[in-house]
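Please keep the sequence and the coordinates at hand while reading.

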Amino acid sequence: MRDTAPSRDWRPVLRGRDLTFTHRRAEEAAVRGVSLSVSPGTLLAVVGPNGAGKTTLMRLLSGSLPPQEGGVTLDDRPLAGLADRERALAIAVVPQSESSPFPVTVREMVGMGRYAHLGAWERSGTRDRAVVDDAMARCAVAGFADRQLGELSGGERQRARIARALAQEAPVLLLDEPTAGLDLRYRMELFHLLRQLRAAGLGVLVITHDLNLAARFADRLLLLDRGRALARGAPDEVLSRESLEPVYEWPLRVVPHPGPGSDTGAPQTVPLRRDDR
Amino acid sequence: MTHTPRRLALLALIVVAALAFSVSFGASGIGPGDLWRALSGSGDATTRSILLQLRLPRAALAALVGGALGLSGCTFQALLRNPLAEPYVLGVSGGAAVGAVAVVVTGIGVALPWMLPLGAFLGAMAAMALVLEVARRAAPGRMDTRVLILSGVIIGAFFNAVILLLLSMADVESFRSAIFWMMGNLSGADWASTGLLALLLVPGAVAVLSLARAFNLLSRGEEVAFYLGASVQRVKLTAYLAASLMVAAAVAAGGVIGFVGLIVPHAVRLAWGNDHRLLLPASFLAGTAFLLLADTIARLVVAPAELPTGVVTAVAGVPFFVALLLRGGRR
């Protein structure tokens, strides 16, 4: 397997064109005609209300759901044509949640990220262990590497899942609400980490409900509503009272981030109380 | 992972000790000293032949059946993501029992004794194909393990009804032999059946062991396993076919011996965790040692008569497992 692993400098573009998907027995399409690309060195945040189709869109992009219309390509190769291992070497995914009847330790969990790098009978080597250690350190889970996942807090488990995706060493990273369950500090740590990965040349897509952090960290935003791409572009182009109020069906104001910091002025969304409408 | 070779070596030592124990004790009063003399070529011919033609093939059969049940039980737990799964959960044993009981009740087994394992094996294979086909039609295009488990349980229940029907028509003697077979019984062991079993087990065991890493992924859920690079559908189908083949071969050789395939993998999980790279081979070795000991006890307790091995595995296995549970999980 080692020989087929792509070079670490490989920076492919993951592109979805006119993606459409209707779930079985659903009346309306979950995703309709959405096009987007996850480019190297870019942090793209997908935002939108519950049920807007964000998770379905991520599943289409990751290859786990085949689109009914449109297609997904990785550097202009159809994603569906890739072998499972090849795909996992290119795209790492942190899905919203997971559970298991069989407990594992953090180290075992993060080690699973090396699956695509190893043959069936191959034992993990020095480099695999180094990558796992590095991923655990970056997600601040190295301190309890040998504890079981079930004994950890929700935030610690979440970071272990992100570490597992990093251990895949894939150039494209997709995360579905990775900040859910994280406290203020780790939400900030996580977005800083995503920023670092982007600086290292990864293409990162993050689904999030945290409009304010998305505005401060993401290069581009995609606003989804009822399966459609309603707005896209830089944070201050997408986030405005006019675009958000009808989507969330809630009164709000968008104000500039007061600073200090390099992200001073980033649009921050403040939902109003119902009685102040 | 660093503990894996040492832990497997420890289990292998236990297996060798269990094998020596099993071969050394029996109804005829041949003891450990005679074993040594027979193996080194001295000793008298009767002793030699008892050891080499009776006890050794029987011990080898117990070892293989136990290993197959431990390994396949562990595989079904991984495939179905269900800690309660065991080798017989998907109806393979029911199919085998229908085949075996049919051979016994129709009297074919008296004239042609080798038809009994053959009937059991064919019944098991038929059950495997039937369960898979029902599951495939119920969830086209992919193998849904929830549908698979439903299909297996229902078809197993149907086979049980067929067995009762066959037994209700049986005479007293064949009724008794059929029940004995279903309780699990290794007394028919000879080198031919043991060799055949080994031959059938090798491909199944190799296939399952090659999936150890994929099972680790699968335990986190199919979607996660897919993202990490596992070929989920292929892994599941291979696991199902390989484990079913092993169960079919084991049941054909030794009848329906219960509890080994449930208890052994869990004992290993509790002691050493859930990494299938260790768990799968350890379940094979621990199953081997466990059934060797259980079968020796089955031969000794009421000697010169014998208990059905399956009774011993249940009676000895359940308290052992409860003790393990009470001791608490892995630390």
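Two residues are in contact if their C-beta atoms, placed from the backbone, lie within 7 Å. In this predicted model, 21 residues of chain B are in contact with 22 residues of chain A.

**Contact between the chains**
- On the side of chain B that touches chain A, the elements giving two or more residues are helix H10 (212-218) and helix H11 (222-227) of chain B, and H11(B) gives the most, with four residues.
- The residues on this side of chain B comprise seven nonpolar, eight polar and six charged.

**Packing of H6(B) against H12(B)**
- The axes of helix H6 (residues 115-138) and helix H12 (residues 232-254), both of chain B, come within 8 Å and cross at roughly 155 degrees; since angles over 145 count as roughly antiparallel, H6(B) and H12(B) are therefore roughly antiparallel to each other.
- The crossing of H6(B) and H12(B) is right-handed.
- Residues of H6(B) including B:Phe121, B:Ala124 and B:Met128 meet residues of H12(B), among them B:Tyr240, B:Ser244, B:Ala248 and B:Ala249, and the residues of this contact divide into 14 nonpolar, one polar and no charged.

**The largest nonpolar core**
- The largest nonpolar core holds 192 residues, of which B:Val65, B:Ala124, B:Met246, B:Ala248 and B:Ala249 touch the most other members, while helix H3 (residues 45-80) of chain B supplies the largest share of this core, 17 residues.
- Leaving aside residues up to four places away in sequence, B:Ala249 touches B:Ala68, B:Phe121, B:Leu197, B:Leu200 and B:Leu201.

Key
Residues are numbered from 1 along each chain as its sequence is written. Chains are lettered from A and ligands numbered from 1 in the order in which they are written. This is a predicted model: local features need pLDDT of at least 70, side-chain atom pairs count only at pLDDT 80 or more; totals for chains, interfaces and linings use all residues. Ala, Val, Leu, Ile, Met, Phe, Trp, Tyr, Cys and Pro count as nonpolar, Asp, Glu, Lys and Arg as charged, and the others, Gly among them, as polar. Axes are lines fitted to C-alpha atoms, for helices over the stretch in contact, and angles run from 0 to 180 degrees between N-to-C directions. Angles under 35 degrees count as roughly parallel, over 145 as roughly antiparallel, 65 to 115 as roughly perpendicular and the rest as oblique. A crossing is left-handed if the near helix is turned anticlockwise from the far one by less than a right angle, and right-handed if clockwise. A nonpolar core is a set of buried Ala, Val, Leu, Ile, Met, Phe, Trp, Tyr and Cys residues joined through C-beta atoms within 7 Å. A residue is buried if 20 or more other C-beta atoms lie within 10 Å of its own, exposed if 12 or fewer, and partly exposed in between; C-beta atoms are placed from the backbone.
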